[in-house]
Number of protein chains: 2
Amino acid sequence: METVSENRCFGGVQGVYSHASETTQCDMTFGLFLPQEAADGPVPVLWYLSGLTCTHENAMVKGGAQAWAAEQGIALVFPDTSPRGDGVADDDAYDLGQGAGFYVNATQDPWKPHFQMFDYVARELPSLIGDTFAVDLDRQSITGHSMGGHGALTIAMSGVTAFKSVSAFAPICNPTCSDWGRKQLGAYLGDDETAWAAHDASLLMADRGLDCPVLIDTGASDQFGDLLKSDALAQAMAARRQEGAFRMQKGYDHSYFFVSTFMEDHVGFHADALWG
Amino acid sequence: METVSENRCFGGVQGVYSHASETTQCDMTFGLFLPQEAADGPVPVLWYLSGLTCTHENAMVKGGAQAWAAEQGIALVFPDTSPRGDGVADDDAYDLGQGAGFYVNATQDPWKPHFQMFDYVARELPSLIGDTFAVDLDRQSITGHSMGGHGALTIAMSGVTAFKSVSAFAPICNPTCSDWGRKQLGAYLGDDETAWAAHDASLLMADRGLDCPVLIDTGASDQFGDLLKSDALAQAMAARRQEGAFRMQKGYDHSYFFVSTFMEDHVGFHADALWG
């Protein structure tokens with residue numbers, strides 16, 4: 001593993017690291033914030049999955065999460081959103097290929113060799129981070145924005161990891177019924193829609209839900225509101241009596257100005273579960 | 001004036017606006033955060049001047065200031081760091097020309113026609129903002145980072161505006177004695193160094209100081225520490241018995257991770273003066 005950069009930040013360290021991934025068969029870069037407390041031993045960890053077009057860097061520099069993570073003594077991980085590089089398949093569209101991995105394991109060419117983002121985020125990267133840094137894998141929570149909100153919810157409901165809490169900012173809620181989803185799930189997983197259901201937060205919520213609290217925030221003025229299909233997830237959460245809250249925030253859009261505004265709430269929500 | 005964008009942010013609005021500037025003779029873009037309280041009447045305003053290579057956008061998305069400005073009910077202005085455009089002089093170096101206006105009024109060609117950033121930031125933009133938005137020009141404070149810290153200190157000590165408080169993050173403190181300064185002051189103001197003194201915070205501090213509190217934060221691990229000449233300003237502040245604090249922060253570098261870490265302190269410091 002290579003250290004790309006380390007900067008002192010809110011008493012801790014904001015690092016960026018790269019490594020050769022076995023899962024995605026290419027070099028992957030991620031951001032990791034460790035609070036001051038990590039110098040004394042393993043700390044709880046909150047995963048932040050980013051949205052379309054993002055790298056590991058966007059939320060790391062624009063989300064404002066470190067202030068609150070430092071206050072709460074928890075680590076933050078910012079994975080990339082896809083495999084990258086000259087040898088990795090791509091598409092001219094912003095919402096397919098590099099920067100748009102959708103947190104699935106592709107079964108279709110040309111994506112299959114590298115686009116294994118579900119396994120990368122849910123399995124390889126936690127193991128690597130747990131082996132290398134002072135983070136406590138028994139205390140993990142997960143959040144994300146847009147495509148990353150979809151990733152957080154679907155990875156959590158896969159059951160691979162017993163997260164203490166799950167949240168999302170403006171998640172893609174029902175990708176099997178949205179132009180943010182049908183195109184990508186078709187490309188990565190093929191035409192058989194039965195394979196898509198494992199990556200649809202609303203269908204998973206209806207089917208199994210989560211054994212931990214859930215917090216969803218979405219802007220009422222989100223310019224991509226029609227693509228998110230928030231109503232499907234809100235309905236499924238209420239029907240299941242899922243512990244948690246689905247909040248619609250008046251006047252807010254899809255930007256990091258929205259995300260950063262509610263970051264304190266989300267980090268506090270996760271800290272309550274991680275330290276509880 | 002044209003609205004480039006407006007996003008709901010911490011209960012207020014983060015706007016970006018552009019206008020044809022009489023001072024710089026080109027279109028200028030700036031960011032303005034208005035807290036919720038601005039809907040009810042004029043609010044105090046804190047200026048944030050950015051450093052080399054920055055536009056209006058860097059601090060606006062990476063500084064994390066809106067959280068604290070919203071809490072304190074004060075507005076934030078993020079001006080650009082230079083005139084820009086095809087018809088505007090430039091230099092291949094990152095530290096001269098576009099993105100590097102140094103907050104002076106150039107007297108030398110080819111810079112003179114557009115590089116009038118002192119007058120733009122100290123005179124034209126405050127007037128425009130006071131006429132257009134709910135900000136109270138009788139309650140202004142100023143801060144900045146690196147070249148922008150230099151700008152904040154030197155504009156404040158020019159006496160054009162009676163700021164309530166002045167701060168800086170890792171300011172260029174003594175540009176007449178630094179490679180971050182001699183080259184630019186020579187290019188913009190000519191070879192006569194007597195003209196440079198009005199733009200050197202340490203010389204101004206020795207000569208006149210400020211009638212308001214001053215807060216300086218600089219990282220002890222700043223990778224540009226040798227260029228900042230922090231000791232000259234610290235010495236001048238102490239010699240003058242200037243009200244304020246000069247703090248050296250162990251382990252921090254020159255990045256926005258440093259700036260955002262101490263933003264709460266700075267906004268709180270200014271809020272005390274603006275509301276006091």
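Reader: What does Asp95(A) count as, buried or exposed?

Author: Good place to start: this is a predicted model, where local features need pLDDT of at least 70, side-chain atom pairs count only at pLDDT 80 or more, and totals for chains, interfaces and linings use all residues. Residues are numbered from 1 along each chain as its sequence is written, chains are lettered from A and ligands numbered from 1 in the order in which they are written, and side-chain values use heavy atoms, leaving out hydrogens and water. Buried means under 20% relative accessible area, exposed over 50%, and partly exposed in between (1.4 Å probe, protein chains only). Asp95(A) has a relative accessibility of 8%, so Asp95(A) counts as buried.

Reader: Which parts of chain A does the pair of Lys183(A) and Asp95(A) tie together?

Author: These two side chains meet in a salt bridge at 2.7 Å, N to O (a side-chain nitrogen of Lys or Arg within 4 Å of a carboxyl oxygen of Asp or Glu). Asp95(A) lies in a loop and Lys183(A) in a helix, so the pair ties together parts 88 residues apart in sequence: the loop between strand S5 (75-78) and helix H3 (117-132), and helix H5 (residues 182-189).

Reader: How many residues apart in sequence are the parts that Asp265(A) and Arg247(A) tie together?

Author: Asp265(A) forms a salt bridge with Arg247(A), with the closest N and O atoms 2.8 Å apart. Asp265(A) belongs to helix H9 and Arg247(A) to strand S9 (residues 244-249), so the parts joined are separated in sequence by 18 residues.

Reader: Which three residues supply 38% of the area that chain A buries against chain B?

Author: Buried area is the accessible area (1.4 Å probe) that two parts lose on being put together, summed over both. Between chain A and chain B it is about 1,700 Å², and carbon and sulfur atoms give 63% of that. More than any other three residues, the suppliers of 38% of chain A's share are Arg8(A), Phe10(A) and Phe257(A).

Reader: How many salt bridges does the rule find across the interface of chain A and chain B?

Author: Over all chains, the count comes to 16 salt bridges. Across the interface of chain A and chain B, however, the rule finds 0.

Reader: In chain A, which residue has the C-alpha nearest the axis?

Author: A rotation of 180° with 0.0 Å of shift along its axis superposes chain A on chain B, with an RMSD of 0.0 Å (least squares on the C-alpha atoms of residues with pLDDT of at least 70 in both copies). That is the relation of a two-fold axis. At 2.5 Å from this axis, the nearest C-alpha in chain A is that of Lys62(A).

Key:
Helix = DSSP H or I, 4+ residues; strand = E, 2+ residues; numbered from the N terminus.
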